[in-house]
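Welcome to this structure. Here are a few notes to read alongside the sequence and the 3D view.

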Amino acid sequence: MSDDVAWAEPSAPVFRAGTGRTLDDGALRAFSAGDLDTLEDLADRWWFELPARYGTELLGLLERLPATVTARRPRLLMAGVLAYQLAEAGDDVRLRAAMRLFELHGVRLSKRLRSFTRPGDAVAAGVLAMHAARARGQYRTAEGIGAWLEEHLLRTDATGALPWSADRRVGRPGLIALNRGVTEMLAGRPADAVGHLRRAHEQAGPPPFQHFAGASAAANLALLAAVRGHHGMAGAWLERIRRSGPVPAWLEGHLLLGATIAQALLAIDRLDLSTARQALDRAGSAEEQGDLWPFLAAARAAYAVASGEPVSGLLGLDAACFAHGMAARPGPGAHPVLLRAHADLLAASGEGNRVVALAESAGAGDLLPPVARVRLLAGDTDGALAVAGRAARDAAVTPRDALELQLVIALAHLRTGDLDGARARFEHAVEVGRQGLYAPFALFPRSEMLELCRLTGTDPRDVGAMRSADDDRHPTSGPIVLLTRRERAVLAGLAAGDSAVRMAAAHGVSVNTVRTQVRKVYRKLNASSRTSALARAGQLGLIPPETPRSA
């Protein structure tokens with residue numbers, strides 16, 4: 001038996017040639033008659049246009065339907081949530097409440113995905129379920145749903161629509177691959193994300209209604225390229241968005257957010273802070289944005305570093321993390337872009353030892369470039385060379401990080417009098433930077449950058465070095481205190497209030513050995529007592545935040 005409120009013969013949408021507007025004389029009749037089959041067909045064909053054009057009618061109908069009926073109609077449920085989002089776009093509280101309902105329905109649908117036999121229902125229910133899992137940080141679950149869904153559709157969807165087929169105009173093409181790509185972005189697996197997002201772009205249907213997943217995938221691919229410093233690739237994906245078809249203004253902030261963040265990052269790399277500021281203003285607040293908030297927070301942090309406002313950047317990063325349920329600033333286990341943003345802000349604040357401590361606690365190779373930089377700025381030339389050499393050997397190093405590491409090595413050679421080595425490394429850095437990667441050059445003392453330009457015959461304008469002729473800011477780093485693994489264990493014992501006897505028993509060494517290590521820790525921290533040592537260690541970030549401290 002049909003669960004429609006009433007039934008009417010489905011009527012196909014009619015396209016008025018030359019106007020670009022969709023007219024459907026049967027849409028209002030379907031709403032008034034409660035013809036759910038026709039409305040689902042319209043939801044598939046029109047995608048975002050149905051809630052945009054008929055949001056009031058759609059919400060009115062859904063209010064009259066029993067919840068049991070709505071639960072069996074995920075395509076209408078998805079359209080209704082979109083209509084509510086659009087209707088409440090100016091009310092943040094009601095909009096967040098709508099997203100919580102979105103999540104709730106997704107959780108419920110995830111438990112009975114196998115019950116949906118029609119491909120359109122399976123797509124809508126699966127995407128809602130993936131959104132719900134992502135909202136809870138369950139990225140493995142979300143990816144599992146996406147993988148199962150694509151395999152399920154390959155086995156059960158008999159349409160076999162080819163690129164030139166009229167059937168390709170329905171079914172939200174590319175939506176599942178897009179959501180799998182976003183899931184991998186948030187899980188910190190960019191290489192896997194690229195594969196899914198490229199597929200979403202390739203699967204996208206034609207404008208005006210079936211190209212949205214492809215446009216959004218291109219926006220996120222531009223973002224991933226910009227994060228790594230691939231300016232040419234990011235620009236190419238931004239151009240593909242322009243060629244894919246128009247996106248309504250009310251959708252841009254959601255579907256194309258990745259492109260806006262990418263534009264901000266590219267402008268920051270070029271040290272075009274005015275353009276970057278405009279893009280960040282369009283992107284909105286990282287505290288309020290949804291899935292891509294870590295990337296937006298990282299872009300805002302990069303802007304704070306480039307504009308010489310790292311303290312306000314740290315406050316902004318803290319606010320974004322807190323708003324999204326993180327109890328502290330990014331540390332071990334945080335998204336890689338957030339972790340790197342935190343390290344770069346600390347480095348720009350002169351907190352070099354905190355950068356080193358963060359890298360040690362997180363064990364993240366992505367943090368080696370800022371570690372090499374702060375050790376160089378602290379005067380530890382040998383240590384900087386060792387770290388930079390190790391990081392440069394990583395096959396996964398990004399172009400932006402490769403440039404920064406070359407600059408570290410070039411400056412280290414310059415300071416030790418190896419002018420040939422300095423010249424070769426700086427010329428390599430300049431070649432990488434020609435695509436518009438000027439920001440890394442601004443992370444080092446300007447006088448030394450100008451000296452390297454003179455040494456290599458490089459026009460300072462080619463590396464953005466003339467942008468700040470009247471800028472007296474000088475990148476610095478506080479003192480770097482490095483403790484051995486055993487010394488860190490002793491420091492943790494001191495923070496916990498343990499005696500030398502207890503620490504000796506815990507680590508299987510003699511009491512005299514512990515006392516010797518305590519003296520070494522005091523000497524490195526320039527302290528004469530447990531109290532002063534702990535105060536100094538806390539200032540330098542050498543004590544993990546979760547370590548209990550003695551009274």
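1. Let's start with the chain as a whole. Among its contacts (heavy atoms within 4.5 Å) with a separation of 6 or more, 67% join residues 24 or more positions apart. Please keep in mind that this is a predicted model, where local features need pLDDT of at least 70, side-chain atom pairs count only at pLDDT 80 or more, and totals for chains, interfaces and linings use all residues. Residues are numbered from 1 along each chain as its sequence is written, and side-chain values use heavy atoms, with hydrogens and water left out.

2. The chain has 28 helices and two strands; these are DSSP runs, with helices (H or I) of at least four residues and strands (E) of at least two, numbered from the N terminus. Of its 551 residues, 50% are buried, meaning under 20% relative accessible area with a 1.4 Å probe, protein chains only.

3. Next, a helix pair. H7 (residues 119–135) packs against H8 (residues 139–156) at about 170°, with the axes 8 Å apart; axes are lines fitted to C-alpha atoms over the stretch in contact, and angles run from 0 to 180 degrees between N-to-C directions. The pair is therefore roughly antiparallel (over 145 degrees).

4. What meets at this pair? In H7, the residues include Val 123, Gly 126 and Met 130, and their partners in H8 include Ile 145, Gly 146 and Leu 149. By class, the contact holds 12 nonpolar, four polar and one charged residue (Ala, Val, Leu, Ile, Met, Phe, Trp, Tyr, Cys and Pro are nonpolar; Asp, Glu, Lys and Arg charged; the others, Gly among them, polar).

Note on methods:
Parallel < 35°, antiparallel > 145°, perpendicular 65-115°, else oblique.
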